[in-house]
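Subject: A structure for you to look at

Hello,

Here is the structure I promised to pass on. Please open it first, and then read my notes below.

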Amino acid sequence: MSDEKHNEPKQDEGFRVIDRRPFTSEGELRPEVAELEAREAKLEAQRESAKPKPAAPGPELVPPPPPADAPKHSPAFENLVRMLGSNAAMVLGGYTDPRTGQPMIDPEAARELIDMLDALREKTAGNLAPEDDNLLIDLLGKLKMTYLEVNQALAKQAQQVAVGKAKARP
């Protein structure tokens, strides 16, 4: 009987898939993402409070020059971020379809583009020039807010259609 167990093929463990998208299928922010953003904000606040304050305001403070090894601004990176952002804005209704004149709305495509920008931010953390990092953060914030607004409007519209159909039935 012990020989049979040794001759059986081992069960393949397979692989594990981890969903790292910041939004649920309903378009809401995942709780772990909200917690992470809250922790990041808290750490940033601690860093800001730890910075020494200038004793007296001078006539006009000039920011110190960046360190020699600081990342340089990259026009190519800026173009990449702006291209992805424009495509996301387009599928969130920011542009009209030239054939129909109606706004193009595709929440799934928008989610994919926002997720790409999130992955880009995650993978380049600490390696971007401040202006590139700020561009990416600002754009992501605006796109996520627009995404939520569009999803809420679509859900409300779908609910109104369902109520209208229910009332139309005798």
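**What I found**

Asp115 is buried, with a relative accessible area of 13%; buried means under 20%, exposed over 50% and partly exposed in between, using a 1.4 Å probe and protein chains only. Asp115 sits in helix H4. Apart from its neighbours within four places in sequence, Asp115 is in contact with Arg21 and Pro22, where contact means heavy atoms within 4.5 Å.

Before going further, a word on the source. This is a predicted model, in which local features need pLDDT of at least 70 and side-chain atom pairs count only at pLDDT 80 or more, while totals for chains, interfaces and linings use all residues. Residues are numbered from 1 along each chain as its sequence is written, and side-chain values use heavy atoms, with hydrogens and water left out.

**The chain as a whole**

The protein chain has five helices and two strands, in the order α-α-α-β-β-α-α from the N terminus. Both kinds of element are DSSP runs numbered from the N terminus: helices are H or I with at least four residues, strands E with at least two. Of its 170 residues, 22% count as buried. Among contacts with a separation of 6 or more, 62% are between residues 24 or more positions apart.

**H4 and its partners**

Helix H3 (residues 75-91) packs with H4 at an angle of about 155°, the axes being 8 Å apart. These axes are lines fitted to C-alpha atoms over the stretch in contact, and angles run from 0 to 180 degrees between N-to-C directions. H3 and H4 are therefore roughly antiparallel to each other, a term for angles over 145 degrees. The residues of this contact divide into 12 nonpolar, three polar and no charged. Here Ala, Val, Leu, Ile, Met, Phe, Trp, Tyr, Cys and Pro count as nonpolar, Asp, Glu, Lys and Arg as charged, and the others, Gly among them, as polar. On the H3 side they include Phe77 and Leu80, and on the H4 side Leu113 and Met116.

What about H4 (residues 107-124) and H5 (residues 130-168): at roughly what angle do their axes cross? The answer is roughly 155°, and the axes come within 10 Å. That makes H4 roughly antiparallel to H5. This contact divides into 12 nonpolar, two polar and four charged residues. Among them are Arg111, Asp118 and Arg121 in H4 and Lys144 in H5.

Happy exploring!

Note on methods:
Angles under 35 degrees count as roughly parallel, over 145 as roughly antiparallel, 65 to 115 as roughly perpendicular and the rest as oblique.
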